[in-house]
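Here are my notes on the model, as numbered points. Have the coordinates open while you read.

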Amino acid sequence: MAKKITLTVAAALLLTGIPWTAHTWWSGSFSRVSSPQGLAPAALKVAATGPQPPDKEPDPAAAPIKPAPETKVAFRTALRGLVWDDEDQLVAGAKVSLTPRIESEEKIETGGDLEAEEEPHGPRFEAISNERGEYSFQGLEPGKYRFRFEKEGYLPAGRYGVELKENEAVELNALLCHALRVFGCVRNGSGESIPGAEVRVDADSARNINDFDEENHDRIFPTDDQGCYDTGFRLILFGKFSFPMKVLARAPGYALKKVELLLHDFPLDKPKIEKELDFALEPEQPLLLRVLDPRGAPVSGAEVSGGNQLDKIPLTDSGGEVRFSNLSKERTAFQVAKEGFFTEDVRVEPERIPEVEVRLKPMSPPVEGEIAFPAALPEADRAIHQAFLQELDENGRLSRLHWCVRLDRKNFRYDTRPPQPGRYRVVCSCGLRDAASEPFDYSGRESLRADIRFALEPPYLAGKAVERESGEPAAGVEVILRWGPKHHDSFAPWGSSHGVNGFFFPNLPGISTSTRSDAGGNFLLLLPQGDRARGEESIRGFAAASASSDALGWSEIFDFDFNEKTVFDNLRLELVKSGGIEGAAVEADGQPAAGEIVAVYDGLDTLKWKAAGWEGRYFFDGLRPGSYLVLPLGRSSSGPLIQSRSSEGTDQIPPPREFFQFPVLVEPGKTIRRDMDLRTERLGQIEGEVPEALKEAATAECGLLVNGRTWPHTALAREENIRGRRFFFENLLPGRYRLWIGRAWERFSEIDLEVELGRTARAEMPVPEGSLSIPVPGLAADRAAGIEVRRVEKLEDYRERGEEVWTDWGGFRVSAGAGGARIDGLPAGVIRAQLIAPGFQAAWSQPALVSRNGEARAALLTAGGDLRISFEVSTRLQPPASPKFSVWMATEGPSVPFTLRHGGDPPAWILSGLPPAPLQLRIDLPPEFKEVELAVQIDPDRPTELKIPLQPARE
């Protein structure tokens, strides 16, 4: 059978058909997911798909080839493929044409007039995709071809110089993107057109062949005499995995304005996919930024980046100045950099401060050193992956970290410039082992030398990798060592997960390092040691080692506890041959599920995925022998969406090997077949709509109920933005879910429902109708009218570690009740509320069962003190109009609620209801002022007065 090659062509980013392996490890403690390999932007991806079942005959529904009469056809090469669109739908009726080419230039074509390119050589072949998006050619001469895919409403896609070889079955998939248009007008606040106005669309969203270039400049669309612009049908966006299209409008004398669009912002159900987008520009806020050295001399040639600039990063002139226009009134961030100086970050509101002065601090003399390794450590493992500077206190303990060490990894040298005089040491990492220089005193006036030495001392791991069948040394195999501290929440089961198309596979977090065995199969790995500067006199942990090779297979996982004295110097890792899984996926209509993302996972060490090819076939090789879960995760033209997630406090979820079922058994040296019928095996879905009464809800979340509760922000929970009052979840495991809608951390409505394989569950979100009246005795009439409900919480129907668990509830309504407050819009269940009133401290009501007219026990509020704050401004700056106050307990740390008003004679900010205790007060001010943080003691009998002098941020 001929070797099968898969070719995939896309108009832009395309990640399909390329397998990726994430190594994870399970033994009750931790794991680590390696960085993606082989996933990169490309217009052409080539991958051998491995052994395949015999091909079927070509589909007679595919349109026939129409060669020119003089063509001589040699039945040597077959070509077939699928045509997708940017909504991950297969496209019927797309015209596919190919022409032999002479030149070998590989040039991406992404729309526009393809015929404007060099004339093709030789006959032209054409086919039309059928209702399943399939096309095919037979009997093509080997050689290089020019391809073109087109259909009305899409930008055409193509490719030069794709080579077809003799006796190959080739798949060539195409991605056609909708041709989008944005048009509108750019005017000022009075509705008048603005001379010289222009609209820019970021380059990634505006590709077309006529002005495509390697520099990828933005597309500029000037306005006409009426102030209107039109991009034409030249823009593209991808579907659910797309980045936003950034559309920006600017004009001389006006602030730049930016709007971000996604594909769903366009009406895709209309014949012409376009969007009208008008801009109303506000007058610009000019800004002069002056850069000086500590003596006040101007610094020329400094780079000033930021400020939503569209052009090149400007440099300061001979006077140390750079001027900006097109800035808005909002706070803007800049970064000032100059060789020989420390980089400075600047935040400024141009409307308040039209001129900014920045003083750069010159870099101090360097500290330099060499890094030495033990002779027994193989040269291949002498790699420094990070280095940092530790600032030490008077007792020699760590007080602060600085990431300002520059590494020369080739020559094993470093240099650093401490920010100020003090006592320091430099630490660098090789694998899992840290080594440090001797502490040194840095004066800031002269250079120093401080070398670093790695020593071969416990703990470490050494051994040999061998082939189990022959007993021969396994040379060049990868040996991976993973470790994690014991009894640490961040290393709990399900603490991290890897997402493929929105489905998250748990993998245990941890830190890893790897090496390769030498010609004799020998390896050496250093384990971490305690860092006394961090307060670690010793270290204890849990580790695992394993070996693998594409050619030789896998070893079993060797896991062990270790401490600062552990040494394994004769470990034997035996490799057995790997196995594989192949199969085909069938859609609900019985047709092949081409493009279906299929993932295989063993809960131990391996996670792989790829897109099913022609006839829905998939093949995975190089698998560790053992049991596997095989999951279909939805169809995608551009490859799966890859994510990662971490969380804590998930130790009550069963380990992955207990939670999942792994029905496919892979044996050494064998390939097992696993076909899938997506009518019954596709993961479940949930869809729903937000009721009109709860239209303020912005997000929808759902979580699988495990041990009676949901686990937010884990692999078992999902969150989606609500758009057009609709929400949708896919790729859900079967089971009972709790679904809620809300905003930020607050819930507005919730419901429990069952999710089944191959089904879509409909969520009818209820509008909460419960109410609760909470009496508040002892308040005068004027104070009772000022009662506020700051928070409402609902008691969940489970307990964790013997403690009650409460969740925030939002969307409630508060009105004055009989001597207290009435709260409406509450769910069924047990509720408590946090109340506060002017002059009284915040307090929680007693938990109460909600009904249509529920009554809670009285909430007793304790009198609190007032804090009157006024500001003194000794500069030309104006007092802040809206400062932000934060108060927390000085000893215990929790934040303290209070009521806030402004008034009195003289005017002051009055924070009311504060407890008579030592408090910490922070005041966030506009960027022209320094922030204020101070300690304050509240007097319970009379208002505490504070008159705070404000200092400018930069003298």
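1. Aromatics to start with: the structure holds 24 aromatic pairs (Phe, Tyr and Trp rings, the six-membered one for Trp, with centres within 6.5 Å; planes under 30 degrees apart are stacked, over 60 edge-to-face, the rest tilted). In tyrosine 618 and phenylalanine 620 the ring centres lie 6.1 Å apart and the planes meet at 55°, so this pair is tilted. Both tyrosine 618 and phenylalanine 620 are buried (buried is under 20% relative accessible area, exposed over 50%, partly exposed in between, with a 1.4 Å probe and protein chains only). One aromatic cluster is made up of Phe503, Phe505, Tyr601, Phe659, Phe660 and Phe662.

2. A word on provenance. This is a predicted model, where local features need pLDDT of at least 70 and side-chain atom pairs count only at pLDDT 80 or more, while totals for chains, interfaces and linings use all residues. Residues are numbered from 1 along each chain as its sequence is written, and side-chain values use heavy atoms, with hydrogens and water left out.

3. The overall picture: the chain has three helices and 78 strands (DSSP runs numbered from the N terminus, helices being H or I of at least four residues and strands E of at least two). Of its 955 residues, 50% count as buried. Among contacts between residues at least 6 apart in sequence, 69% join residues at least 24 apart (a contact is heavy atoms within 4.5 Å). The accessible surface of the chain is about 44,800 Å², with 47% of that belonging to carbon and sulfur atoms (Shrake-Rupley method, 1.4 Å probe).

4. Now the cores. Which residues have the most contacts inside the largest nonpolar core? They are Phe505, Leu633, Ile686, Phe727, Tyr737, Leu739 and Ile741, in a core of 43 residues (a core is a set of buried Ala, Val, Leu, Ile, Met, Phe, Trp, Tyr and Cys residues joined through side-chain atoms within 4.5 Å). A second, separate core has 24 residues, including Phe885, Val887, Phe898 and Leu946. In soluble globular proteins, nonpolar side chains tend to be buried together.

5. Phe505 turns up in both the aromatic cluster and the list of core residues with the most contacts. Leaving out residues up to four places away in sequence, phenylalanine 505 touches Ser497, His498, Val500, Ala599, Tyr601, Leu607, Leu631 and Leu633.

6. Next, an open sheet of three strands, in the order β40-β39-β52, with antiparallel pairing (strands pair if DSSP finds at least two bridges between them). β40 (503-507) and β52 (642-646) are at the edges with a single partner strand each, so one side of each has no neighbour in the sheet. The twist averages 25° from one strand to the next (axes are lines fitted to C-alpha atoms, and angles run from 0 to 180 degrees between N-to-C directions). Five bridges tie β39 (residues 496-500) to β40, with glycine 499 opposite phenylalanine 504.

7. Another open sheet of three strands has the order β59-β56-β62 and mixed pairing. Its edge strands are β59 (726-732) and β62 (760-764), each pairing on one side only. Here the twist averages 15° from one strand to the next. β56 (residues 684-689) runs parallel to β62 and is joined to it by five bridges; isoleucine 686 has alanine 761 as its bridge partner there.

8. β37 runs antiparallel to β42 (residues 522-526), with five bridges, and lysine 464 stands opposite asparagine 522. It runs parallel to β46 (residues 567-576), with seven bridges, and there valine 466 faces glutamate 574.

9. Some backbone spots to check. Most residues other than glycine have a negative phi, and most peptide bonds are trans. The bond from proline 458 to proline 459 is cis, and proline 459 sits in the loop between β36 (452-453) and β37 (460-467). Aspartate 905 and proline 906 are also joined by a cis bond, and proline 906 is in the loop between β74 (899-903) and β75 (908-914).

10. Are asparagine 326 and asparagine 707 buried or exposed? Asparagine 326, with phi near 60°, counts as buried at 18% relative accessibility. Asparagine 707, with phi near 55°, is exposed at 54%.
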